[in-house]
Amino acid sequence: MSAGGVYCGYCGRARDEGDHGACARRLGVVDPPRFCAACARRMVVQVTPGGWTASCGRHGESRSA
């Protein structure tokens, strides 16, 4: 799932609402997405020492690289 969806993966608000620079920095460095970028549903996130997985009930799973 791309990080460039309609909604912010970190705060869940619409991308065209406000400044998401701080959200992008958090997602780019440390944090997994908390909200689905396609539908803004809260995702089930699992963090392991090797990375993370984030699952949306509608749009599936994404993984860290």
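Student: How many bridges join strand 1 to strand 2, and do the two strands run parallel or antiparallel?

Tutor: Five bridges join strand 1 to strand 2 (residues 51-56), and the two run antiparallel. The model is a predicted one, in which local features need pLDDT of at least 70 and side-chain atom pairs count only at pLDDT 80 or more, while totals for chains, interfaces and linings use all residues. Residues are numbered from 1 along each chain as its sequence is written, and side-chain values use heavy atoms, with hydrogens and water left out.

Student: Why are strand 1 and strand 2 called paired?

Tutor: Pairing requires that DSSP find at least two bridges between two strands. Strands themselves are DSSP runs of E with at least two residues, helices are runs of H or I with at least four, and both are numbered from the N terminus. Valine 47, for example, has tryptophan 52 of strand 2 as its bridge partner, and valine 45 stands opposite alanine 54. A hairpin of two residues connects strand 1 to strand 2.

Student: What pairs with strand 2 in the antiparallel sense over four bridges?

Tutor: Strand 3 does, over four bridges. Cysteine 56 stands opposite glycine 60 in strand 3, and three residues lie between strand 2 and strand 3 in their hairpin.

Student: What makes strand 1 and strand 3 edge strands?

Tutor: The open sheet has three strands in the order 1-2-3, with antiparallel pairing. Strand 1 (44-48) and strand 3 (60-63) each pair on one side only. Neighbouring strands of this sheet are turned by 15 degrees against each other on average, direction ignored; the axes are lines fitted to C-alpha atoms, for helices over the stretch in contact, and angles run from 0 to 180 degrees between N-to-C directions.

Student: Why is strand 2 described as largely enclosed by the rest of the structure?

Tutor: Five of its six residues are buried, so strand 2 is largely enclosed by the rest of the structure. Buried means under 20% relative accessible area, exposed over 50%, and partly exposed in between, with a 1.4 Å probe and protein chains only.

Student: Which residues make up the largest nonpolar core?

Tutor: Cys36, Cys39, Met43, Trp52, Ala54 and Cys56 form this core of six residues. A nonpolar core is a set of buried Ala, Val, Leu, Ile, Met, Phe, Trp, Tyr and Cys residues joined through side-chain atoms within 4.5 Å. Alanine 54 also touches residues including Pro33, Val44 and Gly60, not counting residues up to four places away in sequence; contact means heavy atoms within 4.5 Å.

Student: How do you know that aspartate 31 and arginine 26 form a salt bridge?

Tutor: The term requires a side-chain nitrogen of Lys or Arg within 4 Å of a carboxyl oxygen of Asp or Glu. The closest N and O atoms of aspartate 31 and arginine 26 are 2.7 Å apart, so the pair qualifies. Aspartate 31 is buried at 11% relative accessible area, whereas arginine 26 is partly exposed at 41%.

Student: Why is cysteine 23 called buried?

Tutor: Cysteine 23 has a relative accessible area of 11%, so the term buried applies. Cysteine 23 belongs to helix 1 (residues 21-29) and touches Cys8, Tyr10 and Cys11, not counting residues up to four places away in sequence.
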